[in-house]
Amino acid sequence: MRVAVRLAAKAWGMTSPNPLVGAVVVRDGAPVGAGWHHQAGTPHAEVHALAAAGELARGATLYVTLEPCSTHGRTPPCTEAVLAAGVGRVVIGSLDPNPEHAGRGVALLRAAGVTVESGIEAQRCAALNESFYCWIRQRRPYVLLKLGMTLDGKIATASGESQWITGPAARRWVQRYRQWADAILVGAETVRRDNPQLRVRQPANWPRQPQRWVASRSGKLGDDRQVLTDGQAPARIVSCADPAAWRQWLAELGAQQVTSLLVEGGGELAGELLRAGCVDKIAFFVAPLILGGRHSRPAVGGADPLHLAEALGVRELTVRRVGADLLIMGYLSDVHRYS
């Protein structure tokens, strides 16, 4: 199953709105076929793995990270492919997150005489598809807030200078997050000050660029900003006056099959979304710098809380080194959970 997880990850950023899925066919203790879902609208992982195995799939065991689909979409149900191949046993990582479909594929296979086990490396398999789980269940994108800051929680000087607080390794991680994202959102001040392109630059030929959004109440970004002049689809403007408006906007994105939203700041936008309850996960890159200054810009802005009870709790916190910086990650919601 861990091999199947690694195979699934090969399609990182390419399958939305479909999930990442990997599959391995094993016969007499040895792998005889493997595959993964490459992109939406193409054959699923099980189909690739079974085709690679050929006749050796008959009576073999199929390991797959996500429950085989049992309904017609852009491709036929994978349960039909599994039965046609004569597989004797299916081992599943996580069940379909859609409550209407969860367990249906398992039931169909068992009814046909196939031995089925599920829940093998379930959390590892589910971790591949946090955004898919959220979108399927909540019908809105999964929201990841990424910020780069100093040790004392500053993202820019009082004049707005912020490039570069974090190092090259952290910036490479950000490129990977952009590959994952269906859409990117930043504040208008970030566009005016930093003039970001908000595109995947590494690798240079990345085929699936995210939508670009800028939060701005005035709509004024400057005529020469890259998000408007780089020859690509120009950034769109969003203006939300309150938490309800932000939630409505997220629902509208979900209806457009946007499953993942990367928020890259600045501090006022971060504060607004956090207080609106719209952030599911954080990724804070912390550089070994102390900036200081009463007017240096904080990582999270917004209205001043009066009580510590207003602080937001972050769960399942992890910390890792990324070059000279630290990457602190954690969750503010449970929409990513397997069960």
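Student: Why is the contact between the side chains of Asp182 and Arg208 called a salt bridge?

Tutor: The distance from N to O is 2.3 Å, and a salt bridge is a side-chain nitrogen of Lys or Arg within 4 Å of a carboxyl oxygen of Asp or Glu. The pair therefore meets the definition. This is a predicted model, in which local features need pLDDT of at least 70 and side-chain atom pairs count only at pLDDT 80 or more, while totals for chains, interfaces and linings use all residues. Residues are numbered from 1 along each chain as its sequence is written, and side-chain values use heavy atoms, with hydrogens and water left out.

Student: Which parts of the chain do Asp182 and Arg208 link?

Tutor: Asp182 is in the loop between α7 and β8 (183–187), and Arg208 is in the loop between α8 (188–194) and β9 (211–215). They are 26 residues apart. Helices (H or I, at least four residues) and strands (E, at least two) are DSSP runs, numbered from the N terminus.

Student: How many salt bridges are there by this rule?

Tutor: The count is 16. One of them joins Arg2 and Glu121, at 2.8 Å from N to O. Arg2 is in helix α1 (residues 2–8) and Glu121 is in the loop between β5 (115–118) and α5 (122–126), so this bridge ties together parts that are 119 residues apart in sequence.

Student: Are Arg178 and Glu264, another such pair, buried or exposed?

Tutor: Buried means under 20% relative accessible area, exposed over 50%, and partly exposed in between (1.4 Å probe, protein chains only). Arg178 has 5% and Glu264 has 13%, so both count as buried. Their salt bridge spans 2.8 Å from N to O.

Student: What makes Trp246 and Trp249 an edge-to-face pair?

Tutor: Rings of Phe, Tyr and Trp (its six-membered ring) pair if their centres lie within 6.5 Å; planes under 30 degrees apart count as stacked, over 60 as edge-to-face and the rest as tilted. Here the centres are 5.7 Å apart and the planes are at 75 degrees, so the pair is edge-to-face. Both residues lie in helix α10 (residues 243–255), three residues apart, about one turn of the helix.

Student: What makes strand β12 mostly covered?

Tutor: Six of the six residues in β12 (residues 281–286) are buried. Lys281, Ala283 and Phe285 point one way, and Ile282, Phe284 and Val286 the other. In a regular strand the side chains alternate between the two faces of the sheet.

Student: Which strands pair with β12, and in what sense?

Tutor: Two strands pair if DSSP finds at least two bridges between them. Strand β6 (residues 142–149) pairs with β12 in the parallel sense over six bridges, with Leu147 opposite Phe284. Strand β15 (residues 325–331) pairs with β12 in the antiparallel sense, also over six bridges, and there Lys281 stands opposite Tyr331.
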